[in-house]
Amino acid sequence: MTPFRLQIRTLALLWIRRIGGESGKILEEIWAFGSESLDVDLGFCSLKVDLRDPTFDPLDDAVMGQVYPPDNNRSDPPPALNAVRLSRSLLKDILDPSTFRIVLKALRLWAERRCIYGKSFGYFGGVSWAIMVADACQRYPGASADDILMRLFQENAGRLKECDSWSDWTIILGDIMHREYGYRVFNPMNVDTQVPQIVTPCYPAENTTYDVNQSAMERIRKEFLRAAHVKCGHWDSLWELMDFFATARYCLCIAIANRRSTIMTAAYAQATVGQRFILRR
């Protein structure tokens, strides 16, 4: 075990023991830390089940009713639990998980270098891109990674070119299930026509692109149309780095400085919320 992995394991155990001592007071918590080359978001959620039980299956929807302590007013699932369920549900129907991971890494690299990556910037987040790749891998189970990547670009470019509204761009991997656990579930009959529908495949189903604005969708459309014309194997032109500030009409710079880390954390959160509000306007 590498020193950094050992550090993560030690911190995780100490952190979980601290939360465990406050049973009934904390439902879940996400702790962000890392090194210069790796960022880690460590999530925690208390469940009324024994995780050592060999029959325990996180994909069983009944797990969503085992969150401790229960909260009848809660509409969103605990992030720590939902992340595990989502990742496993994406992989369970994919023939070759290694191909899925290669295509996902390539797609994220493309989105980052073309400046259309990140929910905090008004674009698609990592979950949306992962669902898109899972959809392509399920439809072309025997194809190579580069073939799936180019088909993904070409097919989604065709969808974006022909759709009358953004909601016509829909990716739903399975049936949308409704359970009695009180979580809010995506309803395809009650959608905003101004946003696409890229829906999580596990309960509770959520639209991962509900907050993408129209200007961001125009940027995404242009980048897919550009990528669809790149020939397979010509990856240098596909991943050409884009100068974001050369294409933006207006830019806003927010500088925050303070010696107290607690104030800095609160100020950063407020600035992030304000940034998303400005992007939506």
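The model is a predicted one, so local features need pLDDT of at least 70 and side-chain atom pairs count only at pLDDT 80 or more, while totals for chains, interfaces and linings use all residues. Residues are numbered from 1 along each chain as its sequence is written, and side-chain values use heavy atoms, with hydrogens and water left out.

A nonpolar core here is a set of buried Ala, Val, Leu, Ile, Met, Phe, Trp, Tyr and Cys residues joined through side-chain atoms within 4.5 Å; buried means under 20% relative accessible area, exposed over 50% and partly exposed in between, with a 1.4 Å probe and protein chains only. The largest such core takes in 46 residues, and Trp110, Phe124 and Trp129 are among those with the most contacts inside it. A second, separate core has 12 residues, including Met64 and Tyr203.

On the aromatic side, Trp110, Phe124, Trp129, Phe153, Trp169 and Phe224 make up one cluster. Rings of Phe, Tyr and Trp (its six-membered ring) pair if their centres lie within 6.5 Å, with planes under 30 degrees apart counted as stacked, over 60 as edge-to-face and the rest as tilted. There are 11 aromatic pairs in the structure. One of them is Trp235 with Trp239, stacked at 5.7 Å centre to centre with 25° between the planes. Trp239 is partly exposed because its relative accessible area is 21%.

Thr209, by contrast, counts as buried because its relative accessibility is 0%. Contacts (heavy atoms within 4.5 Å) link Thr209 to Phe124, Ser128, Val195, Pro196, Gln197 and Ile198, leaving out residues up to four places away in sequence.
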